[in-house]
Amino acid sequence: MNSIELRQIGVRFGGVQALDDVTVAVEKAEVVLLAGPNGAGKSTLIHTLLGLVRPQKGELFVDGQPHPVNNSFKDQVAYLPEAVAFAPSLTGRQVLRFFARARGVSSRRIEEVLEQVGLRNAGDRAVRGYSRGMRQRLGLAVTLLPEASVVVLDEPTGGLDQEGLQVLWEVLEKWRDQGRMVLMSSHDLTLLERRVDRICLLCEGRVMADDSPAGLRTRANLPARVTFGLSETNGASLRELLKEHYGDDVYEGEGSKLHVDIAVDGLLELLDLRGRHPESVESIRVEEPGLDLIYERLLETAKEAS
Amino acid sequence: MKGRIGLALSWHEFVERTRDRWVLVISVLFALLAVGTSLYGRGAEADVQMLTGPSLVTLATLFVPLTGAVLGHDAIVGERERNTLGLLLSLPASRLEILAAKFVGRLLALALAVGLGLGLAALVAGGDEAPILMQLFVPTLILGAVFLSLGLFISTFSRRQTTAASLVVALWFLLVFFYDLGLLGLLIFTDGAVSTETIARLVFSNPAGLYRLEMMELFAGPELVDDLGVAVELPGTFVRAAMWTAWTAIPLAMSALIMTCRRTQK
């Protein structure tokens, strides 16, 4: 399996159009993030791929050919639901033993995945004693068990601490290296922007944007923020010059800091001004806009357009 | 592939249910009371068919439906609340297979609970009386299977586990306690205007009532008088088998229908 595509999916729940003509594709060795506000249709799209929701319109394409969401397809898919909790009376190892049996995976693999998610020592403890993060890691271990071509993760960062996130990053990297197709949904755009190849922004059941993180930055056309640490003694002249040049885009910061919001293509000109006053600047820092800001901008644009 | 998931899930359900504290409490209580009944019968040196057997039937009529219903009540809604239903349904197996595997696994747990109670009672009774008491095992398991099936049905359409738990307890009260009281009230208030056949049919249409009468017949012979003091004749073996099958199969089929037809399962 080299690619999957949910093409022109339409799902209606009563009077609510949950998904409207949504097309999302994932290629081999690609990690695609579904992002969007609550009710955007992220989980519905994931459930459609898993056969949990039957769409009124559209279908699944595998390697460019229409394909039903049948057992042979589901055999190739591993899934981590949002905030998964498992049976509280069972131990982590027992939970994994069930999924290993159901998937026809050897019991040796259970130890490997427990090690991989850092739960080896907690494997014989009942799930009721697990923290939310540990349950999420156990869920991740369940998705690691089979050698599935497609991995679907619904809000995988929920409840994970720094150590848990590190495990997730390593697993994502491994899946990419192994050529798996990963489709996940998350609200944590800032956390995930460096870990994904493509982001599909959904809003009110429609695809608003589908691009790489860099592509989304270009599309949103948000300014970068340059922060100057001005010299107490010689900074006044540059302060005046910047205010004269950039007007409302200049903001006073804490102490002697001065912020300038500027389009990326204007950065060179700004740095040239600074170069003319080397004695005025003690430090300089350039920040790209965060993906959450880009996301907000794109959302606003989409809402204005609709 | 299909058999593998069904077997794995049945075993998983069995292991999980045997660790459920409510199932454990009811099962242990049933076993203790069954042993107590058997000990009392042995001490009284009464005929097992006159004292221990009928007493165990009364005990089983109370406990086994409750165990079955409790075993079934969280089968689907529990998975939904833990966000694992989608995970189960994303496995390469049909919804029908998942449901059937859950039923089988829980039936095994029920068989363990029933077998433990009746087995210990038979062991205590000892000698020639043990095989007579063990004749109760299959019919009692079938009674439990009916309530398990009803519990599973309730679990399929309930939105919350607490709702499902309330409904199965209400169902148990209704069929095990209030049903016979209702019939008694009917007899009193109508002053015998309702025919014996109608009352008998009403008794038979409750699985707990039919079980009690069948087991009384097993111990007391074909000449029996039911709890209501009305002379009744049990339906034929074929009709009874059909009734037990229908009571188990219909709620299961309805659960399967809900699971299969519902457009959204998460």
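A salt bridge is a side-chain nitrogen of Lys or Arg within 4 Å of a carboxyl oxygen of Asp or Glu. Keep that cut-off in mind on this tour of a predicted model.

Start in chain B. Select B:R240 and B:E217. They form a salt bridge, with the closest N and O atoms 3.8 Å apart. B:R240 sits in helix α12 (residues 237-261) and B:E217 in helix α11 (residues 207-220), so the pair ties together parts 23 residues apart in sequence. B:R240 is buried at 13% relative accessible area, while B:E217 is partly exposed at 23%.

Next, select the network. Zoom in on B:R82 and B:E79. Their closest N and O atoms are 3.7 Å apart, and both residues are buried.

Move to chain A. Select A:R109 and A:E112, a salt bridge at 2.8 Å, N to O. Both lie in helix α4 (residues 108-116), three residues and about one helical turn apart. A:R109 is buried at 13%; A:E112 is partly exposed at 38%. Over all chains, the structure holds 31 salt bridges.

Now show the chain A strands. Four of them form an open antiparallel sheet in the order β2-β1-β4-β5. β2 (16-27) and β5 (65-66) stand at the edges with a single partner strand each, so one side of each has no neighbour in the sheet. Two bridges join β4 (residues 57-62) to β5(A). Select A:V62 to find its bridge partner, A:Q65.

Finish on the surface. A:D292, A:E296, A:E300 and A:E304 gather in a patch of negative charge. A:E300 lies in helix α11 (residues 291-305) of chain A and is partly exposed, at 45%.

Notes. Residues numbered from 1 in each chain as written. Chains lettered and ligands numbered in written order. Predicted model: local features only at pLDDT ≥ 70, side-chain atom pairs only at ≥ 80, totals over all residues. Heavy atoms only, no water. Patch = residues over 30% accessible without salt bridge, like charges linked within 9 Å, V, L, I, M, F, W, Y side chains within 5 Å. Areas by Shrake-Rupley, 256 points an atom, 1.4 Å probe, with all protein chains shown as cover. Lys, Arg positive; Asp, Glu negative; His and termini not counted. Charge placed at Lys NZ, Arg CZ, Asp CG, Glu CD. Helix = DSSP H or I, 4+ residues; strand = E, 2+ residues; numbered from the N terminus. Buried < 20%, exposed > 50% of the residue type's maximum accessible area, 1.4 Å probe, protein only. Pairing = 2+ DSSP bridges.
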